[in-house]
Amino acid sequence: MTMREKWDGLPLDILTGGGLTIREVRDDGDLWFATAECALAPGQGEFVNPAGFDIGRAYLNPADNVPCVICLEDGTRIGFIVFRMWLAAGTAYSWGYHLDRNWQGRGYGERAARLAIRILKAMGGDMPIKLSAEVENTRAQRLYERIGFHRLDELDGDDLVFGL
């Protein structure tokens, strides 16, 4: 079963938690937010793929990529996340995400990451989850470790790899 098929089979209540909802990019407003309005803090852009790249990847391989927006309970969009199959060696789920700079520093990043774990576990409880972080991105590394990931003895290119 593909990631897309698993996503489509999820109960809607799995997509909400910690005051947030993660939902698939579904209209022009979501697309515009993800690719144009969702602005990173200075210096963060070098650590993450732009949303447009991830959305393009999902267009080319929709079975293994699900681009989503991260929203508050009232529907306000605050970030972007793409769920995907791990591209490096081994089979695992992964994600890439970022929050708009106006919503950073309030705990939403950690809550979104915990919700992402919940969603991926609902899609396939025994599938490992792997995330990568550039060596210089210590903020992401600390977050991954705080939510239960541990550094693996492998690299994704020259990025560090964390597993759950």
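## Salt bridges

In this predicted model, the side chains of Arg23 and Asp30 form a salt bridge with an N to O distance of 2.5 Å. Both partners are buried: this holds for Arg23 and for Asp30. The pair belongs to a network of salt bridges that links Arg23, Asp27, Asp30 and Arg77. The count of salt bridges in the model comes to 10.

Two further salt bridges lie within helices. In helix 3, Asp54 and Arg57 are three residues apart, so about one helical turn separates them; their side chains meet at 3.9 Å, N to O. This distance qualifies because the cut-off for a salt bridge is 4 Å between the side-chain nitrogen and the carboxyl oxygen. Asp54 is buried, with a relative accessible area of 3%. In helix 4 (residues 108-123), Arg114 and Glu110 are four residues apart and are likewise separated by about one helical turn. Their side chains form a salt bridge of 2.9 Å, N to O. Arg114 is partly exposed at 40% relative accessibility, and Glu110 is partly exposed with a relative accessible area of 24%.

Five strands build an open sheet with the order 1-2-3-4-5 and antiparallel pairing. Its edges are strand 1 (16-17) and strand 5 (93-99), each of which pairs on one side only. Strand 3 (residues 65-72) and strand 4 (residues 77-85) are joined in the antiparallel sense by seven bridges. Within this pairing, Cys71 has Arg77 of strand 4 as its bridge partner. Arg77 is also a member of the salt-bridge network with Arg23, Asp27 and Asp30.

Helix 3 packs on this sheet and touches strand 3, strand 4 and strand 5. The direction of helix 3 makes about 40° with that of strand 4.

## Packing of helix 2 and helix 3

Helix 2 (residues 28-37) and helix 3 (residues 51-60) have axes that come within 8 Å and cross at roughly 135°.

On the side of helix 2, the contact is made by Leu31, Ala34 and Thr35. Helix 3 contributes Ala51, Gly52 and Ile55. By class, the contact contains four nonpolar and two polar residues, with no charged residues.

Strand 7 pairs with strand 8 (residues 159-163) over four bridges in the antiparallel sense. Arg151 stands opposite Phe162, a residue of strand 8.

Conventions: Residues numbered from 1 in each chain as written. Predicted model: local features only at pLDDT ≥ 70, side-chain atom pairs only at ≥ 80, totals over all residues. Heavy atoms only, no water. Pairing = 2+ DSSP bridges. Helix = DSSP H or I, 4+ residues; strand = E, 2+ residues; numbered from the N terminus. Axes fitted to C-alpha atoms, helices over the stretch in contact; angles between N-to-C directions. Contact = heavy atoms within 4.5 Å. Nonpolar A, V, L, I, M, F, W, Y, C, P; charged D, E, K, R; others polar. Buried < 20%, exposed > 50% of the residue type's maximum accessible area, 1.4 Å probe, protein only.
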